[in-house]
Amino acid sequence: MSQLSESCCTVKETVQEKYDAIARGRRDSCYCLVEPGDYQDKTGYQADADLGLGCGTPVDHADLQPGEIVLDLGSGAGLDAMIAAPLVGSRGKIVGVDLTPSMVARAKKNASVAGVDNAVFLEGDIEQLPIEDSSVDVVISNCTINLVPNKARAYAEIARVLRPGGRFTISDVVTVGSPDPELLHRAEEAAGCVAGAEEMESYMQLIAAAGLNELEVVQFRSLEVISEQDGIASITVRGRRP
């Protein structure tokens, strides 16, 4: 195994351990990247699915339509899937994919309790999705790609599974400018999702390199995890497969 492969495996193992603990209700206090009230008033909201792990509200900007097939990457306990489900209706379908088995189990339980029968949840790696080529209309994701070691591969997979003309809306954490490494380290300790953040311009370039276009940042918010000089932001970006 190459050094890069070993590093990627280590990152995934760390992420899986951390989110397994969160899924089982064991977590330290964590900085919340979503403003209070961003989710609670939405149709489909379920408190048990809200673990406070998002950094945006991608469904708000996805323009979901009845009958569409939606893929939710890093679906966690199923919060975004629950909110998307009534928008696509009984003719549509939500497919959630998460790396952590305990998160998948929790999402399935939440969907069952809520009576959401148009959502399924699968265990899978975003760098190698268990999804057929050109099979989904929309990809959404909320604060997950930043945790993926090979982000270029993740976006290549998004391009692969989208149908021609399909679209994506993804909320994520990026860095802006040249933030102080010490501040980033302290922010990572507080928020737990900063270490893998890409510089914003580079992030947009790797999306384009995957063959996705019509890129648009529809939401931008500077995050002050430690101080206003953190150099960290949450963005929601959308685009399309040609």
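**Exercise 1. Is Ile 69 buried, partly exposed or exposed, and at what relative accessibility?**

Solution. This is a predicted model, in which local features need pLDDT of at least 70, side-chain atom pairs count only at pLDDT 80 or more, and totals for chains, interfaces and linings use all residues. Residues are numbered from 1 along each chain as its sequence is written, and side-chain values use heavy atoms, with hydrogens and water left out.

Step 1. Buried means under 20% relative accessible area, exposed means over 50%, and partly exposed lies in between (1.4 Å probe, protein chains only).

Step 2. Ile 69 has a relative accessibility of 22% and therefore counts as partly exposed.

Step 3. Ile 69 belongs to strand 1 (residues 69-73); strands (E, at least two residues) and helices (H or I, at least four) are DSSP runs numbered from the N terminus.

**Exercise 2. Identify the residues in contact with Ile 69, leaving aside neighbours within four places in sequence.**

Solution. Step 1. Contact means heavy atoms within 4.5 Å.

Step 1. For Lys 93, 24 residues away along the chain, the C-alpha atom is separated from that of Ile 69 by 4.8 Å.

**Exercise 3. Describe how helix 4 and helix 6 pack.**

Solution. Step 1. Two packed helices are described by the angle between their axes and the distance between the axes. Axes are lines fitted to C-alpha atoms, for helices over the stretch in contact, and angles run from 0 to 180 degrees between N-to-C directions.

Step 1. Helix 4 (residues 151-161) and helix 6 (residues 200-209) have axes 8 Å apart, at an angle of about 40 degrees.

Step 2. Angles under 35 degrees count as roughly parallel, over 145 as roughly antiparallel, 65 to 115 as roughly perpendicular and the rest as oblique. Helix 4 and helix 6 are therefore oblique to each other.

Step 3. On the helix 4 side, Lys 151, Ala 152 and Tyr 155 meet Tyr 203, Leu 206 and Ile 207 of helix 6.

**Exercise 4. Characterise the backbone and exposure of Ser 134 and Glu 214.**

Solution. Step 1. Most residues other than glycine have a negative phi.

Step 1. Ser 134 has a positive phi, near 50 degrees, and is located in the loop between strand 3 (119-123) and strand 4 (136-142). With 30% relative accessibility, Ser 134 counts as partly exposed.

Step 2. Glu 214, in strand 7 (residues 213-223), has a positive phi of about 55 degrees. At 57% relative accessibility, Glu 214 counts as exposed.
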